[in-house]
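This report describes the packing and strand arrangement of the structure shown below.

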Amino acid sequence: MAFLKAASLAMALLLLISPVAFSQGGQLFLNVYVNGTPGKALVVGNVDDISGLAFLNTPGKIYEENGQLYAVCDSLVEKEGDGWKLSFPANGYYDEYHAVFFVSGGFSFQEINCTKGLEILSSAHNGSIVLDVQGYGLTDPAVSFSYAAM
Amino acid sequence: MNICRRIICMGLASLLFIGLFGMSLAEPNEDQKTNEPHDGMGPLDAKMMSPQSTGFPMGDPLGVSEPNENQKMEGPPDGMGPLDAKMVPPQNAGFPMGVPLEVLFSGHGFALVDNESHILRLKVESIMPLEPDQIKDLLASNKSLEEIRDDIRAKEGEKTNRGSMILDRSIYPLINIVVSPFGNNSTSLKADLADSGPSNATDTAILGSISMIISPSDGGMIGKGELCIEQGLPAARYSLLIDMDPSRFGREKMMREMSR
């Protein structure tokens, strides 16, 4: 009888430790605004776990309220050749990832790199360039793109 | 009794095997098989594909579905300098700029036509418009993050919707999004598909439309409707069946506001 109880318990545990439980990840919905003069980027949106975003590990540079995140970062953009390069790495597993990057000031994209599995969409409007990046079920998704004055 | 124990042990072993097998299937899809790289592009070249070749919809949906082959970001391979980087031609204003407020709808399912089924993802979120000049001012100012938040929230009354649809592996911006109550806890969603290819910024071409009803079903939400692509490929009228994800970041709030 004790064996039957133990077996039942084991079965219940196996069901609990299901693949679904292992595949749970976070969600990231962030917009990143970069002024034409690089150095600062405004990051706004929602993310389940900010620990995966190393560039946000700056005390006093993050404000979070009711799941809404506000941050100003100066480490996302760096000079590269005649233009600039924005790198946006995220660590961890994400069920859903949606990042939108806005760069204003009359620039055009030069090169874009994304982790496999991310789908991208670009647009340009009134001197601003926009990169929309979406993906699902991704580990350590990363986006980087370079841009230069038109 | 021994037979009973043996049966139970075999059952447990089977469950363990199934569980482990399932876990391996549930790993992130880093190794998911995707389309082959462009002709003539080896794995090294694929890591630094120009924007046009990394999945940008450029008017022809079939031509934009190439996946990104670079699994991790890496530095430029030797021999690939700035000359290899092609410029992206200006594209239309498919996505309005704004601060994401709420994910109104997010789901995945299928677009069905004849005997074909295509994987489809749909997402609609509400945003607060944020103009480039406003961003510039915010970043140039020495305002605290709380003050920045207040400045952004000052425009909350002007919020609008932004959406996108991924059909197979091509993203289509949604425009003219209309969300309205449909009775019986259902919601009607209608939108046009914008052409994200090069165009005059003041004249966004419409490729087609999507119309669906999102209703409660078995404890979840199911979207059923129709996707009509009139221009470009694959032009067709699809039936939609979408499993809507649980609401995040305040969809209930939006529904309450709509019902007022």
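In this predicted model, A:Val32 touches A:Ala41, A:Val43, A:Leu76, A:Phe88, A:Ala99 and A:Phe101, leaving aside residues up to four places away in sequence. A:Val32 also belongs to the largest nonpolar core, which has 88 residues. Those with the most contacts inside this core are A:Val32, A:Ala41, A:Val43, A:Ala99, A:Phe101 and B:Met165. Strand 7 of chain A (residues 93-103) gives the most to the core, contributing eight residues. In soluble globular proteins, nonpolar side chains tend to be buried together.

In chain B, eight strands form a closed barrel in the order 1-2-3-4-5-6-7-8, with antiparallel pairing. From one strand to the next, the twist averages 30°. Strand 3 (residues 160-167) and strand 4 (residues 170-183) of chain B run antiparallel and are joined by five bridges. Across this pair, B:Ile166 stands opposite B:Ile171 in strand 4 of chain B.

Helix 3 of chain B (residues 132-140) has the buried residues B:Pro132, B:Ile135 and B:Leu139. Seen down the axis of helix 3 of chain B, these buried residues fall within an arc of 60°, so they line one face of the helix. An α-helix has 3.6 residues a turn, so residues three or four places apart point the same way. The face of helix 3 of chain B turned away from the buried side carries the exposed residues B:Asp133 and B:Ala140.

The buried residues of helix 3 of chain B pack against the following strands of chain A.

| Strand of chain A | Residues |
|---|---|
| Strand 1 | 26-34 |
| Strand 2 | 41-47 |
| Strand 10 | 128-139 |

Note on methods. Residues numbered from 1 in each chain as written. Chains lettered and ligands numbered in written order. Predicted model: local features only at pLDDT ≥ 70, side-chain atom pairs only at ≥ 80, totals over all residues. Core = buried A, V, L, I, M, F, W, Y, C linked by C-beta atoms within 7 Å. Buried ≥ 20, exposed ≤ 12 C-beta atoms within 10 Å, placed from the backbone. Helix = DSSP H or I, 4+ residues; strand = E, 2+ residues; numbered from the N terminus. Contact = placed C-beta atoms within 7 Å. Pairing = 2+ DSSP bridges. Axes fitted to C-alpha atoms, helices over the stretch in contact; angles between N-to-C directions. Arc of directions from axis to C-beta.
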